[in-house]
Amino acid sequence: MPEYVSERADDHVRSVTLPLPVCPGDGDGHFLPQAVKDATGSHPDGLSQRYRNGLRQLADRLEDDAEFLHVLAGSRLQAGMDLEVLSAGMKRRMAAVQSDMHVNMPRAMRTAHLAMLQDALESGDVRTADYAVSELLCHAPDDGTVEAACVSVSGEPVLAAVRERLSRYRFRHVATLGSAVGGVPMSVACRPSCGTLYLADSGKNVVRRYTATGAELAPLDCGINKPLCIYSDGQDGVWICDYGNNRLVCLGKDDRIERAVDFSSYDVLKELQGRIRYGCAAGDRHYLVFAAEKTGGSVWAELRIGQAACTLRLHEPAGDVAPARVFRAGGELYFFAWPHAKAARIEAATRKRLPSGHGLSYPIVRGFVAVGTHRFLLSGNTVIKLDAEGELLFSYSLEKELGVLGVSALSMATGKRDGEDVLYISDGITGSVYVFAI
């Protein structure tokens, strides 16, 4: 067998031994294809250049096949191999296979897991049914297929259990509210009594409003400057963290300013050059995060709203968490540090530190709400669903659910729409608010 020696500088397999095909009727004893010999007129004692080129291409393809299998298998390439030096042919093959996987794999996986779900329903295997449901929703949003599979085996004792599990994965885009060129909806909040949605727009320095049905109302010009946060106190008050004016503003039921707390006069903040950024409330107690501009850090404080005066008390950081955002869920406070994936969970009444679940460890948290026994956390463009202890249940990609590229989620709030629980998520790119049924 002759040995082919590669002449390409970027080849990693330097030589490949190839058997030459035997050509019947070749009386000279040379293992050369007759067609090639006739076409090139080469001397019977040597290989034609055309045949050499053919061998080179065959060797290249064999080398590519070896590397291709390495890549598909997910194994580490041989020492010194780099995807950048793979031949154009292999790159085309990889692109074709990847495209085929993107097109066909979700469909194949969906079919397989749907069959798994139906088998589990019929056999009463709750665990397998739960796994199949989660896998189905990983590959595509819930379009009724899973519910239809449940209905098709009605009467089985596991049916109710699977439907209950299906409900915890529910996350569906149902509406988009408005858009504002130049608007930056930094924060969003809902007034519980009427369902009106409020957006603190730091780009236009106004408060945008939408009714519970999604109709846009006239924006409010409250004299605010760079509002960073807006929240409800649970008693029908809507509060705005007016960063530019360093004050906390309350909107009454008629959407007029009912009260304003000016922090520029508080001595405890003067030394730190503290400016209000974010907050949340439980009744007459407000939990606020101030930017300590003198040190570049942040502190949190408890503000008690009285009839005649307000009392502000600064607190030390919650353990090793220097708070950047604070949210209330039930009777608990959740502090999140930026940009690190650190969180602290505190009982609001006693300020006792509580265990934090692993599901809270996400960087740059921009929203955290409680709906029933579940918690929803907004980190980047992902919504994470947690149980009451902060353990991960499911996560949802906003870009995947919306079917778009380029979302910049800034805040999140919960409310009611047509009697159902929904999440409102503001987008900094379009200035819109996306509504998701949960």
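Me: How many aromatic pairs does the count come to, and what rule do I read them by?

Reply: The count comes to nine aromatic pairs in this predicted model. The rule takes rings of Phe, Tyr and Trp (its six-membered ring) with centres within 6.5 Å; planes under 30 degrees apart are stacked, over 60 edge-to-face, and the rest tilted. Take Phe263 and Tyr266: their centres are 5.7 Å apart with 50° between the planes, a tilted pair. Phe263 is buried at a relative accessible area of 1%, and Tyr266 counts as buried at 18% (buried is under 20% relative accessible area, exposed over 50%, partly exposed in between, with a 1.4 Å probe and protein chains only).

Me: Which parts does the pair of Phe336 and Phe368 tie together?

Reply: First the geometry: Phe336 and Phe368 are tilted too, at 5.6 Å centre to centre and 50° between planes. Phe336 belongs to strand E17 (residues 332-337) and Phe368 to strand E20 (residues 365-371), so the pair ties together parts 32 residues apart in sequence. Helices (H or I, at least four residues) and strands (E, at least two) are DSSP runs numbered from the N terminus. Phe336 is buried at 0% relative accessibility, and Phe368 is buried at 3%. Both also belong to one aromatic cluster with Phe327 and Tyr334.

Me: Before I go on, what should I know about the numbering and the cut-offs?

Reply: Residues count from 1 along each chain as its sequence is written, and side-chain values use heavy atoms, leaving out hydrogens and water. As this is a predicted model, local features need pLDDT of at least 70 and side-chain atom pairs count only at pLDDT 80 or more, while totals for chains, interfaces and linings use all residues.

Me: Which charged ends sit over the rings of Tyr243 and Tyr278?

Reply: Look for NZ of Lys or CZ of Arg within 6 Å of the ring centre and within 35 degrees of the ring normal. The charged end of Arg277 is over Tyr243, 5.7 Å from the ring centre. Over Tyr278 you'll find Arg325, with its charged end 3.9 Å from the centre.

Me: In what sense do E10 and E11 pair?

Reply: Strands of a sheet pair through backbone hydrogen bonds, either parallel or antiparallel. Here E10 (residues 247-251) and E11 (residues 257-262) are antiparallel, with five bridges (at least two DSSP bridges make a pair). Arg247 stands opposite Asp262 in E11. The two strands make a hairpin with five residues between them, and Asp255 in the turn has a positive phi of about 65°.

Me: What is the strand order in the open sheet of four strands?

Reply: The order is E20-E21-E22-E23, with antiparallel pairing. E20 and E23 (392-397) are the edge strands, each pairing on one side only. E20 is joined to E21 (residues 374-379) by six bridges, and Val365 has Ser379 in E21 as its bridge partner.

Me: Which residues does Ser202 touch?

Reply: A contact is heavy atoms within 4.5 Å. Leaving out residues up to four places away in sequence, Ser202 touches Val184, Met186, Lys226 and Pro227. Ser202 lies in the loop between E5 (197-201) and E6 (206-210), and at 18% relative accessibility it is buried.

Me: What share of the 438 residues counts as buried?

Reply: That share is 44%. The protein has eight helices and 26 strands. Of its contacts with a separation of 6 or more, 43% come from residues 24 or more positions apart.
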